[in-house]
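Here are my notes on this one, in the order I'd look at things. Have the viewer open while you read.

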Amino acid sequence: MRILVLGGTVFLGRAVARQALAAGHDVTCAARGTSGKPVEGVRFVRVDRDDPAGLTAIGGEFDAVVDVARHPDHVRHAAAALAGRVGHVTLVSSGSVYADTTVAGQRAGTARVLAPPPRDAEDPWRDAEAYGACKVACERIVTEAFGADRVFVCRAGLLVGPEDPSGRFEYWVRRASRGGEVLAPGAPDEPVQLVDVRDLAGWIVAAGERGLTGTYDGTGAPTTRAAFLAEVLPGGATPSWVPQEFLVEQGVQPWSGPRSLPLWLPLPEYAGFMTRDVTPSLAAGLRTRPLAESVRDTAEWLAGAGPGEGQRIGLTEAEEADLLAAWHAAGR
Ligand SMILES: NC(=O)c1ccc[n+]([C@@H]2O[C@H](COP(=O)([O-])OP(=O)(O)OC[C@H]3O[C@@H](n4cnc5c(N)ncnc54)[C@H](OP(=O)(O)O)[C@@H]3O)[C@@H](O)[C@H]2O)c1
């Protein structure tokens, strides 16, 4: 098949391109080339999607297109430029599209989504809600332009694995390598839900091959934070569970950023965020590898090519030690 990846210079786009090549497809990637490099073996077309005519440099027809766009205008420009010369279309969307993050166990087919923003307020980089709302707009534009009978909307969950630029999973893999007492957020039975980028990429390529259409969550089955840490932490590391009230009191941020605990989200506000019911996705072919493989391969990537001198997120060693000392000093 001839596959076009709109993106392909970073993380998921690169994983899709790599898997499509491995499956024997002819792969074109189109991006500016500023976030990173395309994988070896693809045809790379330099484009700027901010320019309404930016995609005219992409010639030819494609059996399948995969788009990772966040900005609705990028999707509009692609829909116009590719009209009449593409078959199957995958729009990589996000679990951030959902309107209600508090209710656990929701399914993609029935859960309410955010309202798309007014056209003059489309800014996916403003905050998490604006990002989710823009993804809703992207989903609608793609579906209207190409038709629901050709579109696979894949609402990605938390992506982990080698080449992740976000640093979120990396925090835990790095933390594990230091061993000792590990500050674990919240409670052992709280949910964690994620997917290895290579599993999602494999499903996206297979969706193009099989012509899968419809809207699905692109993430694995939920697990508990205790099970997550049991896989991530080596024998010599012991979690100390510190409740969210104490973390909030101490100014620890959830999810990402400096002085944060990545993958931790406050409850009950986010009870629905990492508890999606992915039965339909698994029935539609999503296969997920054991977490131990994601940990091993991420550790190998960090020890080798790694993310470079990027920004680190999470707690510093000193911040974690101070927080644990304060927690124990409070008699716990
Ligand atoms: N990471 C997660 O945990 C997570 C969770 C939920 C959903 N998602 C979704 O999953 C997808 C991840 O995709 P990804 O890993 O490939 O990363 P990404 O950061 O979304 O990649 C964006 C791609 O688009 C290209 N691009 C950006 N602006 C452009 C422009 N003006 N013109 C042309 N190309 C442009 C970038 O390349 P250049 O900069 O080189 O042009 C890059 O290849 C996204 O759709 C994201 O919203 C991710």
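1. A polar contact here is a pair of N or O atoms within 3.5 Å; within protein, one must be able to donate a hydrogen and the other to accept it, and residues adjacent in sequence count only if both atoms are side-chain atoms. On the ligand side, a polar side-chain atom of T9 sits 2.7 Å from a ligand oxygen. The side chain of K135 has an N or O atom 2.8 Å from an oxygen atom of the ligand, and for G8 a backbone N or O atom lies 3.5 Å from a ligand oxygen. The protein buries 88% of the 900 Å² that the ligand exposes when taken alone (accessible areas by Shrake-Rupley with a 1.4 Å probe).

2. Before going further: this is a predicted model, with local features needing pLDDT of at least 70 and side-chain atom pairs pLDDT 80 or more, while totals for chains, interfaces and linings use all residues. Numbering starts from 1 along each chain as its sequence is written, and side-chain values use heavy atoms, with hydrogens and water left out.

3. What surrounds the ligand? The shell holds 29 residues, the closest being T9, R32, S35, R49 and Y131 (a residue counts if one of its heavy atoms lies within 4 Å). By class there are 11 nonpolar, 11 polar and seven charged residues; Ala, Val, Leu, Ile, Met, Phe, Trp, Tyr, Cys and Pro count as nonpolar, Asp, Glu, Lys and Arg as charged, and the others, Gly among them, as polar.

4. α1 (11–22), β5 (86–94) and α3 (128–146) each give the shell at least two residues. Helices (H or I, at least four residues) and strands (E, at least two) are DSSP runs, numbered from the N terminus.

5. α1 also packs against α5 (residues 197–210), at about 55° and with the axes 8 Å apart; axes are lines fitted to C-alpha atoms, for helices over the stretch in contact, and angles run from 0 to 180 degrees between N-to-C directions.

6. Two backbone spots to check. The L267 to P268 peptide bond is cis, with omega near 5°, and P268 lies in the loop between β15 (260–262) and α8 (279–283). R259 has a positive phi of about 45° without being a glycine; R259 is in the loop between β14 (253–255) and β15. Most residues other than glycine have a negative phi, and most peptide bonds are trans.
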